[in-house]
Amino acid sequence: MVKHKVLLLLLYFFTCQFALHAAAGDTIHVITQNKASAEPPYDWPRDSLVSQNLKTWQDWKFGILIHWGAYSEWGVVESWSLCPEDEGWCVRRGPYSQDWYTYKKAYEDIRKTFYPGKFNPEHWAKAAHDAGMKYVVFTTKHHDGFCMFDTKFTDYKITDPASAFSKNPRSNVVKEVFSAFRKEGMAIGAYFSKPDWHSQDYWWPYFPVLDRNVNYDPAKYPERWKSFQKFTFNQIDEITKEYGRIDILWLDGGQVRPANTLTDEIKPWLGKHMWIQDIDMPAIAKMARKNQPGILIVDRTVHGEYENYRTPEQQIPSNVPAYPWESCITLGDSWYHTGAGEHYKSLNWVISTLVKIAAKGGNLLLGIGPDKTGEFAPEAYNRLQQIGEWMKVNGEAIYNSRPLAPYQDGNLCFTQSKDGKTKYLFFLAKENETLPASVDLPAGFAGKVSEAMLLGHPQTLKIKIKDGKKTVIIPASYLKTMASAPALVIRITEK
Ligand code: GLC
């Protein structure tokens, strides 16, 4: 086991992986670099309210990330088809794809037809809440710059008369989504893209667009960049001032960052010019925390003071990070709703992913993209309901839990209560595998076990001891109805 852990640690330090993006058909795009690169140190918050909120957030364990925008009308990847990089996730499809300028115009005109007549965020919120999710992160503005809220600083927004949905009484989508989830008692996260591919101060029409980055040198045209900083500041001010209590400001677009935060892994994102795009996070954070005392700020991938937790994408860290973190992973094929053929991951996959993440002390932020009518796919609702049924019985081993060595050992995972008095052992069933009639306790773990009980089956379990090895017997009466459950959880009391 020790050897195993050392190997994992070595692997982690020498293989720094980060997912760039998940697009239709592909699951993840991973850039693997085999260079030795230790992670920059984590910066613990100094504001006591932030520290406190961070601890609370760590106890939630499970949330939903919703990507929804005008692109949902076409069922294309969020924003990325506008980005002229020769990458799989930027490919343009459809009648306007032959030339970039025509395509950009057509994409920006989607709002003229995007009318999600079934928009009913209460439905999303109830499904997420019943699945046991404790918070939502919603795309207020993605890289394409289309605002799903009633901003004063651009008319490229859902509430503008040029957008079809502006005629709907619920057109201020962000307001509706946040209040629907709040009514379910869930916490609120605002996804906001720092890059804005609609803003003339980010993609200046004077120059052709090169890639995902700003298309002029901010050092050479400081006034233009200042105006972009101001625009970003103003929009974040609106979101954190006019939309009720916001718990998390989730900032995407890691190329927008100061020079001193550039690492070898990040440099390739900045394109050939490597123009520095410092958005002035100190000013943004100060304002956001004035509007929302103690708000968590997640300046993704930038590290340092404004990244209160880290967000590995489409993956579970191979180590057990010593800082707060959240894996964001899609339930379907991608962040956006890809269409009728979309494949949704199984119940077993979701439960085992959530358990593996909790066992390493993280949170799972599960991605679902509503369709153009404003609904989740029936499969997504169905999966959320199944997750909820399992969580109702077994949630006590997930929420408020702390990691417990050996964390994960094959299909066994471990957590403990905060006070360390109660320990939990999970058996994760593989796809179509039935739950076993007995579970062997790993040597390091079994020593002090005195009593074991199955969650959802309040009856002390038999523990057989043979050659110093302890085996928990799973009652036949339990297996009769539960054999096809995705995982079982044993609560363990020690002597
Ligand atoms: C990546 C994608 C972006 C998506 C985000 C969600 O950064 O590029 O489109 O919003 O992941 O985690």
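Tutor: This is a predicted model.

Student: OK, where does Q314 lie?

Tutor: Q314 lies in the loop between β7 (296-299) and β8 (326-330). Its phi is near 55 degrees, which is a positive value in a residue other than glycine.

Student: And K61, what is its phi near?

Tutor: Phi of K61 is near 65 degrees, and here too the value is positive in a residue other than glycine. K61 sits in the loop between α2 (48-60) and β3 (62-66).

Student: Is K61 buried or exposed?

Tutor: K61 is buried, with a relative accessible area of 2%.

Student: Switching to the ligand. How many residues surround it?

Tutor: There are 13 residues around the ligand, and the closest are H67, E78, W80, H142 and E313.

Student: Which side-chain atoms of E78 and W80 come into it, and at what distance from the ligand?

Tutor: For E78, an N or O atom of the side chain is 2.8 Å from an oxygen atom of the ligand. For W80, a side-chain N or O atom is 2.9 Å from a ligand oxygen. R300 also has a polar side-chain atom 3.2 Å from an oxygen atom of the ligand.

Student: How much of the ligand's accessible area does the protein cover?

Tutor: On its own the ligand has 310 Å² of accessible area, and the protein covers 95% of that.

Student: Which elements give two or more residues to the shell?

Tutor: Those are β1 (16-21) and β6 (248-252).

Student: New topic, the core. How many residues does the largest nonpolar core have?

Tutor: The largest nonpolar core has 124 residues. W124, F138, F181, W250, I387 and F426 are the ones with the most contacts inside this core.

Student: Which helix gives the most to this core?

Tutor: Helix α9 (residues 347-359) does, with eight residues.

Student: And where does the core lie relative to the domains?

Tutor: It lies between domain 1 (5-397) and domain 2 (402-494), because both of them give residues to it. As background, nonpolar side chains in soluble globular proteins tend to be buried together.

Student: What about the peptide bond from A405 to P406?

Tutor: That bond is cis, with omega near 5 degrees. P406 is in strand β10 (residues 402-409).

Student: Last one, M281. Where is it found?

Tutor: M281 is found in helix α8 (residues 281-291).

Student: Buried or exposed?

Tutor: M281 counts as buried, at 6% relative accessibility.

Student: What separates M281 from W203?

Tutor: Along the chain, M281 and W203 are 78 residues apart, and their C-alpha atoms are separated by 20 Å.

Conventions. Residues are numbered from 1 along each chain as its sequence is written. This is a predicted model: local features need pLDDT of at least 70, side-chain atom pairs count only at pLDDT 80 or more; totals for chains, interfaces and linings use all residues. Side-chain values use heavy atoms; hydrogens and water are left out. A residue is near a molecule or strand if one of its heavy atoms lies within 4 Å of it. A polar contact is a pair of N or O atoms within 3.5 Å; within protein, one must be able to donate a hydrogen and the other to accept it, and residues adjacent in sequence count only if both atoms are side-chain atoms. Accessible areas come from the Shrake-Rupley method with a 1.4 Å probe; for residues, only the protein chains shown count as cover. Helices (H or I, at least four residues) and strands (E, at least two) are DSSP runs, numbered from the N terminus. A nonpolar core is a set of buried Ala, Val, Leu, Ile, Met, Phe, Trp, Tyr and Cys residues joined through side-chain atoms within 4.5 Å. Buried means under 20% relative accessible area, exposed over 50%, partly exposed in between (1.4 Å probe, protein chains only). Domain bounds come from an automatic or database domain assignment.
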